[in-house]
Amino acid sequence: MSTPFPHPAQHPYQQPPSPYPQQPGPYQHRQPPGSYQHQQPPGPYQHQPAPYPPAPGPGLGPGSGPGPGCEVCGAMPAAPVTVRGHQGMVVIMRFLRRGGVLCRTCGLAVFRQMQSDTLVRGWWGALSMLITPVVLLLNLGALARIRKLPPPATAAWRPPLDPGRPLLRRPAGLIGLVPLTALALVVIAVPVLVLVGGSTEEGSGVKFQPRKNRDPLSVGACAHNDREWPHQDLRNVPCDSADAQYLITEPKDGYCATGDYIAHLQYSVDGESTLCLHPVKN
């Protein structure tokens, strides 16, 4: 009895179709017409875009943008700023310093607080009286750098520091101005007193140096000037001597004769009377 030849569709050695799509390659497998094509059913959950930006993680905090961010609040732009302070404690002293990358708002807050504390606590010591003004002046350079920064253009990760009121509107600033003003007056007054004390100007505006001849001039005697006019350093000499240059006379009706010189008041006996010097021809 012969075995019937199986139908091609029921061949026992025919490979069933693959449930997975074949990747393209140099040799492509062609499915016979009418064969079953497996399709992946859509999943029950599909990925949706996040409605909020991701939270800051490593590398996304302050300073990860195009420029450095503020170390306090994270706002940009920011720049390196260093503000100094000083505290005098009679015998010892403390030098304070706060620096970092700060925005305009936080930098201004640090500057005002440091200046305010220095104005109140920086004067209590002999050396601190000289150091405190220097520290206050150095901080003006930091203030200029802070004011060059534009207002923050990006949102801050944390609340910025509060700048508060300006220095002149704070009680600490007004109290600190008292020793600062006194020191400024001393600095200005010392050179003025030196100039006034060193210059020997009379009411006529003529400069002279302290005279060596301290004896008062005698009316009717003669005098010799040991200096060049208009400076005066007069001394009494006999009228018949070769040193006689001027005859000492008293003014008439409050005036000296035409051509006479007027001696400084310090050459009179009482220091207040006017004496005339009449030239003597030798």
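**Aromatic cluster, surface and cores**

Author: Trp229, Tyr246 and Tyr261 form one aromatic cluster. The model is a predicted one, in which local features need pLDDT of at least 70 and side-chain atom pairs count only at pLDDT 80 or more, while totals for chains, interfaces and linings use all residues. Residues are numbered from 1 along each chain as its sequence is written, and side-chain values use heavy atoms, with hydrogens and water left out.

Reader: What makes Trp229 and Tyr261 a stacked pair?

Author: Rings of Phe, Tyr and Trp (its six-membered ring) pair if their centres lie within 6.5 Å, and planes under 30 degrees apart count as stacked, over 60 as edge-to-face and the rest as tilted. The structure holds three aromatic pairs. In the pair of Trp229 and Tyr261 the centres are 4.6 Å apart and the planes make an angle of 20°, so the pair is called stacked. This pair links distant parts of the chain, with Trp229 in the loop between β3 (222-225) and β4 (234-237) and Tyr261 in strand β6 (residues 261-262), 32 residues apart. Strands here are DSSP runs of E with at least two residues, and helices are runs of H or I with at least four, numbered from the N terminus.

Reader: Why is Tyr261 called partly exposed?

Author: Buried means under 20% relative accessible area, exposed over 50%, and partly exposed in between, with a 1.4 Å probe and protein chains only. Tyr261 has 35% relative accessibility and therefore counts as partly exposed, and Trp229, at 29%, is also partly exposed.

Reader: How do you know that the pair of Tyr246 and Tyr261 is edge-to-face?

Author: The centres of Tyr246 and Tyr261 are 5.6 Å apart and the planes are at 75°, so this pair is edge-to-face. Tyr246 lies in strand β5 (residues 246-249), 15 residues from Tyr261 in strand β6. Tyr246 has 8% relative accessibility and therefore counts as buried.

Reader: Why is Val90 called exposed?

Author: Val90 has 66% relative accessibility, so it counts as exposed. Val90 lies in the loop between β1 and β2 and has a positive phi of about 65° although it is not a glycine. Asp253, in the loop between β5 and β6, likewise has a positive phi, near 55°, and is exposed at 76% relative accessibility.

Reader: Which residues touch the most other members of the largest nonpolar core?

Author: A nonpolar core is a set of buried Ala, Val, Leu, Ile, Met, Phe, Trp, Tyr and Cys residues joined through side-chain atoms within 4.5 Å. The largest such core has 17 residues, of which Cys70, Cys73, Val83 and Cys106 touch the most other members. The elements that give two or more residues to this core are β1, β2, α1 (104-121) and α2 (128-148), and α1 gives the most, with five residues. A second, separate core of nine residues includes Leu217, Tyr246, Tyr267 and Leu277.
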